[in-house]
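Hi,

Here is the structure I promised to pass on. Have a look at it first, and then read on for what turned up.

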Amino acid sequence: MTTARRKPYGVKGAPYAFLLPATILFALFFALPIGYAVWLSFHKVKVSGLGLGSGARKEVWAGLENYTSALTDSELLDGALRVLGYGCIVVPVMLGLALLFALMLDSDKVRLAPFTRLAIFLPYAVPGVVAALLWGFLYLPDVSPFHYVLEKLGLPQPDLLDGGPLYLALSNIAVWGGTGFNMIVIYTSLQAIPAEVYEAAKLDGATPLQIALRIKIPMVAPSLVLTFFFSIIATLQVFSEPMTLKPLTNALSTTWSPLMKVYRDAFGTGDIYAAAAEAVIIAVVTLVLSFGFLRTANRTEKQGAAG
């Protein structure tokens with residue numbers, strides 16, 4: 001009769017030793033900043049007298065005062081509505097183009113597929129600030145080559161940095177930079193579909209369009225859900241594009257998006273307590289929307305599998 005040999009203590013503790021660096025980094029750069037932001041959101045500064053001298057400004061407990069002020073702040077609510085309109089343009093256009101490009105690259109008749117994939121994905125490698133600066137100067141009437149060509153042709157020259165076209169200008173930057181990443185995710189899922197599925201469909205007389213609509217798109221639905229999830233999060237956290245274009249136009253205020261409002265309050269007016277409360281609210285809204293969407297998608301998938 002043999003008995004199981006006990007593992008030495010060092011062997012049992014090896015997994016925890018490997019996890020320790022990641023755990024420390026997670027705590028230092030993720031958990032602690034979040035905890036500190038939550039702690040700040042429940043405090044405020046109380047000023048005594050003229051606010052001069054030691055002890056004249058003290059940090060005191062504020063309860064839900066910062067949250068109440070943030071939720072009733074018209075600037076924050078207006079910024080949320082602007083981001084909602086921005087997202088209604090960006091998300092469907094970006095994911096629609098990503099799906100279209102992925103389906104085209106997955107076709108047997110496509111030529112120069114590696115070069116085409118790289119060309120579509122390359123804008124994603126450009127940092128957001130650089131992309132916003134690039135497109136910002138292309139939008140400026142005085143330096144834009146598009147305006148020059150339109151002027152020579154005698155065509156109208158729209159100002160994309162003012163009024164309603166501003167949403168299209170900002171959305172174009174996001175679509176240009178994000179389509180390639182989403183396309184790669186969807187294209188990878190398409191490549192994982194067994195070739196036998198396509199062969200069986202062709203034997204049944206299915207056309208390429210029918211294969212795309214009835215086989216490819218339903219089978220990459222999890223990838224579409226994933227890309228939609230990432231796109232929603234990125235839309236709610238839009239900051240780089242409007243912040244970079246702000247010096248180029250007066251149509252962009254310092255509170256155009258909720259994160260710009262947080263930045264203005266934290267580093268412009270110096271009210272880090274109000275900014276912390278606004279940041280926590282944005283994080284909670286993002287979490288609730290993301291969780292609700294994923295739960296709805298999972299429920300729909302289960303119902304489809306059961307049916």
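A quick one to start: in which helix do Lys 261 and Asp 265 lie, and how many residues apart are they? Both are in helix 13, four residues apart, or about one turn of the helix. Keep in mind as you read that this is a predicted model.

Asp 73 is buried, as is Lys 261.

Then there is Glu 278, whose side chain meets that of Lys 261 in a salt bridge at 2.8 Å, N to O. Glu 278 lies in helix 14 (residues 272-306) and Lys 261 in helix 13, so this pair ties together parts that are 17 residues apart in sequence. With a relative accessibility of 2%, Glu 278 counts as buried as well.

Which residues make up the network of salt bridges here? Asp 73, Glu 75, Lys 261, Arg 264, Asp 265 and Glu 278 are linked in it. Over the whole structure, the search finds seven salt bridges.

**Asn 66**

Have a look at helix 3 too, where you'll find Asn 66. Asn 66 counts as buried, since its relative accessibility is 10% and the cut-off for buried is under 20%. Its side chain reaches the backbone oxygen of His 43 at 2.7 Å. Leaving aside residues up to four places away in sequence, Asn 66 touches Leu 40, Ser 41, Phe 42, His 43, Tyr 273, Ala 274 and Ala 277.

**Aromatic rings**

The search of the whole structure finds 15 aromatic pairs. One of them is Tyr 86 with Trp 256, an edge-to-face pair with 6.3 Å from centre to centre and 85° between the planes. It links distant parts of the chain, with Tyr 86 in helix 4 and Trp 256 in the loop between helix 12 (240-245) and helix 13, 170 residues apart. Are these two buried or exposed? Tyr 86 is buried, and Trp 256 is buried too.

Elsewhere, ring pairs join Phe 121, Tyr 124, Phe 181, Phe 229 and Phe 230 into a cluster.

**Helix 2**

Last, the helix at residues 14-41. Helix 2 has 28 residues, which at 1.5 Å a residue should span 40 Å, and its end C-alpha atoms are 39 Å apart, so the two agree. Where does helix 2 bend? The bend is at Ala 27, by about 40°.

Cheers

Methods: Residues numbered from 1 in each chain as written. Predicted model: local features only at pLDDT ≥ 70, side-chain atom pairs only at ≥ 80, totals over all residues. Heavy atoms only, no water. Helix = DSSP H or I, 4+ residues; strand = E, 2+ residues; numbered from the N terminus. Expected span 1.5 Å × (residues − 1). Bend = angle between axes of the 7 residues up to and from the residue. Salt bridge = Lys/Arg side-chain N within 4 Å of Asp/Glu carboxyl O. Buried < 20%, exposed > 50% of the residue type's maximum accessible area, 1.4 Å probe, protein only. Polar contact = N/O pair within 3.5 Å; in protein donor to acceptor, adjacent residues only side chain to side chain. Contact = heavy atoms within 4.5 Å. Phe/Tyr/Trp six-rings, centres within 6.5 Å; stacked < 30°, edge-to-face > 60°.
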